[in-house]
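Have the sequence and the 3D view open as you read.

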Amino acid sequence: MKTPTFTIRLAFTLVVALVAQLSAQPEKGSYLDPDLPTDKRVADLISKLTLEEKLAQLLHDAPGIERLGIPAYDWWNEALHGVARYGRATVFPQVIGLGATFDETLVHRIASAISDEARAKFNAAVALGDRDSYPGLTFWSPNINIFRDPRWGRGMETFGEDPYLTGLLGSAFVHGMQGDDPRYLKTAACAKHYAVHSGPESQRHSFDAHPPRKDLWESYLPAFEKLVREAKVEGVMCAYNAVFGAPCCGSDFLLADILQTRWGFEGYIVSDCWAIQDFHQNHKITADSAESAAKAIKSGVHLNCGEAFRSLGTAIERGLIFEREIDQALARILRTRFRLGLFDPVEKVSFNRLSPDIIGSESHVRLAREAAAKSIVLLKNDGVLPLSANLSDLLVVGPLAAHAEALLGNYYGLSANLVTAIEGITGKIHAGTKLNYVHGFPLLPIDNETPDVAIRMAREAPVTIVVIGSSPLLEGEEGEAVLSRNHGDRVDLNIPGNQLDYLRMLRKDNSTKIITVVMGGGPMLMKEVHELSDAVIFAWYPGEQGGNAIADVLFGDVNPSGRLPITFPMSTDDLPPFDSYAMNGRTYRYATATPMYPFGFGLSYSQFTYSSIGLNRMSFAEKDPVRVSFLVANTSETEGEEVVQVYLHCVDAPFDVPVESLVATRRVRVKPGETTKVLMELEPDTFLMHNQRGEKVFVPGDFRITVGGSAPDPRSIELGSPEPLSIVLSRE
C-alpha cells in the first residue's frame with residue numbers, strides 16, 4: 001500500500017504537468033471566432049497583448065506569440081511584375097513594359113496570376129514552417145510614382161509619365177492582386193512611394209521636394225487618390241524624401257490630412273525601409289530614434305520597415321507617445337492580417353487550396369509571352385519587317401542577345417522558362433536558315449578594338465539583328481545597379497558609345513538590313529540608332545518570355561501594338577534639372593521641345609485611319625458624361641490592334657493647363673479592310689482643371705478633344721502615326 005506522502009507527491013506532479021500542458025495551449029479568445037466582426041476580433045486580440053508584444057508587432061518582421069497561437073509574420077514582400085525574391089515564379093515584363101501595353105484588362109489578368117502564385121507560395125511556405133522574409137501575403141506593389149524624368153533609374157518600376165494611365169493600370173493591378181472575394185483579400189497590395197518621389201536616387205534619403213501646389217494635385221497625387229478611393233488598395237508606403245519640409249513618413253499633411261481625412265483611407269501605412277531613421281540621420285527634424293518613431297506614429301504610420309520602432313518603448317518612457325496611440329496603429333495592421341484570413345481556420349479561406357502547381361504553369365507562361373509581345377513598341381520600319389522565317393542567312397549580334405539579366409529588370413523572381421532573344425529567334429526560323437550569333441562587342445566600352453569578326457559576318461548576311469541597350473546592371477535602385485556610377489540613375493541617356501560605334505561600322509559600306517532591338521528600362525537618346533537602322537523595336541525588360549515575344553514580333557506572328565508610356569527626348573539638353581519637381585517642361589503634358597518619340601507613339605504592321613468624329617452634344621453640361629464617337633479603319637491587309645487614345649485640352653483657360661492630357665484609351669482590333677465604330681465616354685470630372693492652388697475647378701472656355709494613335713504631336717505624324725482628329729466642345 002502506497003504511503004500518504006507518496007500519494008500527495010504524485011498528485012502534485014500530475015497537477016504541475018497539467019498546468020504546464022494547459023499553459024502550452026494557445027489562449028482562447030473571440031479574436032479566433034471567424035463569425036465575429038473584424039473590428040471586434042482586432043480589439044479582443046489587442047486586449048490580450050502586453051505592451052512589449054504590441055510594440056514588436058509594429059515591426060515588419062513581427063515575431064510569433066506562442067501563448068496566443070500567433071505565428072511570426074514578415075510583412076515585406078514584392079511583386080511588381082511577378083512574385084519577387086522568393087525563388088520560382090512567373091516573371092512578367094517589367095512594369096514600364098506593362099505600361100506600354102495601355103491595356104488595363106491585361107494588367108488585371110497578370111496581377112491575378114501573380115496573386116495566385118503568391119498564395120500558392122505562401123501555402124507551401126507555411127507547410128514548411130517558413131516564416132522568414134518574402135513568403136508573406138502583403139506585397140509592397142505597385143509603384144505608382146510618375147516617371148517624371150527619364151534619368152531616374154527606378155522609372156522602370158512605374159507605368160510611365162502619365163497620371164491617368166498610371167491610375168488606370170495601377171488600379172487594375174490592385175484589383176487583380178486583392179481579388180474579388182467578398183470576405184478575404186487574396187493578397188494585400190500597397191501603393192508606393194507616397195509621394196512626390198522620383199529621384200535622384202543619390203538624394204532620396206534627404207531631398208525636400210517643393211512642387212507647385214498645382215503640380216502636386218495634377219501630376220503627383222491623382223494615381224494615389226484613384227488607388228485609394230476606387231481600387232481600395234490595402235496599403236500605402238510613404239517615401240524616404242521630404243515634401244514641403246516634412247519627411248513623407250512624418251507628414252501630417254500627406255498622411256493625416258490628405259490620405260486618411262480627405263480620401264478616407266482605412267488600410268495600413270508602412271514606412272519605406274529604414275525611412276524613419278532618416279528623420280534624425282538625414283532630414284534632421286528629430287534628435288534620435290525614439291523621437292523619430294514617435295513622430296511617425298503620430299503622423300499616421302502604422303508599420304515600420306526597419307528598426308526605428310524598436311525605440312518606441314523608450315519613447316513611451318519619455319512621454320513622447322502613449323499606449324493608446326500604439327493600439328490605434330496596431331489595430332490598422334491587424335485588420336489587414338485578419339482580412340487575409342491569417343487568423344481563421346484553413347478551410348475557411350478558399351485561397352488556401354491553391355497548389356504550387358500553378359507557379360510557372362503553362363497558362364501563366366503563355367500570359368507572360370502575350371504581355372511581352374504587347375509591350376514591344378515598333379519605332380521604325382522601312383519595310384524590312386516582318387521577316388520571313390525562310391531567310392537564307394541571318395546574323396544576330398550584340399551584348400543583350402543572350403543576356404538573361406535584360407529579361408528580368410529589377411524586383412524579380414526566378415523562372416525555369418527564361419528565353420533570351422537569340423533563343424527566341426532560333427526557335428522561330430526555318431531549319432534550313434543559316435543562323436549565326438556572335439556577342440560582337442561588350443555592353444560597355446572596354447578598349448578600342450574594332451569587332452572585325454562581327455562586321456565581316458554582317459557583310460555576308462542579308463539581315464542583321466542587333467540587340468543593344470541598357471541593363472539592370474546599369475540602371476535601377478540605389479545599390480542594386482552594380483555597374484552604375486550614379487546610384488542607379490542614368491544621368492547620360494546615350495546608348496553606350498561602343499554600341500553606337502558598332503552600328504556605325506555596320507551601316508558603312510554594308511548592304512545588310514539592320515534591325516535594332518533596344519532593351520532597357522526607360523528612354524534613351526535614339527536619334528542616331530533610328531538613322532542607322534532599317535527597323536527599330538523597343539523591348540524594355542520583357543520578362544521570362546521576352547525572347548519568344550521579340551521573335552513573335554520580328555517574324556510577324558504578332559502584330560506590334562505597344563505604345564510608349566513615356567516621352568523619348570531628342571536631347572538631354574531638352575530636360576529641366578533632374579532635381580526640380582516642377583512639371584514645367586516635363587513630360588508630354590508640359591514639354592515644348594520636339595521629342596524624338598512622343599508619348600503614346602508606336603507603329604503597327606497594319607495601317608489605320610480615323611474619321612467621322614462626333615459628340616453626343618456640342619456644349620458642356622456639368623452633370624452629364626460626354627460621349628465621343630469616331631471610326632477606325634484598317635486600310636492594310638494585316639489584322640491588327642490599334643491603341644485608341646483620347647486627349648483633352650482646355651482652350652483659353654485663365655491659368656496654365658497641360659498642352660494635352662490623356663483622358664481615355666482602349667485597344668481596338670480591326671480586320672483588314674474593315675471599319676470599326678468606337679464610342680468613348682468622358683465623365684464630367686474629366687473636364688475639371690487644376691488651378692494654381694491645386695484645386696479642381698470648372699473653367700470658362702472651350703475644350704479640344706483629340707482622338708488618335710499617339711499624343712497629338714506633329715512628330716507622331718512625321719514618324720508614321722495616323723492623322724488624329726479633333727473636335728471642340730463648347731462651354732456656355
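## Two helices side by side

Helix α6 passes α8 in a right-handed crossing (the near helix is turned clockwise from the far one by less than a right angle). Helices here are DSSP runs of H or I, at least four residues, and strands are E runs of at least two, numbered from the N terminus. This is a predicted model, where local features need pLDDT of at least 70 and side-chain atom pairs 80 or more, while totals for chains, interfaces and linings use all residues. Residues are numbered from 1 along each chain as its sequence is written, and side-chain values use heavy atoms, leaving out hydrogens and water.

Who touches whom? P163, T166, G167, L168, G170, S171 and V174 in α6 meet P222, A223, K226 and L227 in α8, with contact meaning heavy atoms within 4.5 Å. By class, that contact has six nonpolar, four polar and one charged residues. Ala, Val, Leu, Ile, Met, Phe, Trp, Tyr, Cys and Pro count as nonpolar, Asp, Glu, Lys and Arg as charged, and the others, Gly among them, as polar.

Two prolines follow cis peptide bonds. The bond from G199 to P200 is cis, with omega near 0 degrees, and P200 lies in the loop between β3 (190–194) and β4 (208–209). The bond from L385 to P386 is cis too, with P386 in the loop between β9 (377–381) and β10 (393–397).

R85 isn't a glycine, yet it has a positive phi of about 65 degrees. Look for R85 in the loop between β2 (73–74) and α4 (95–101).
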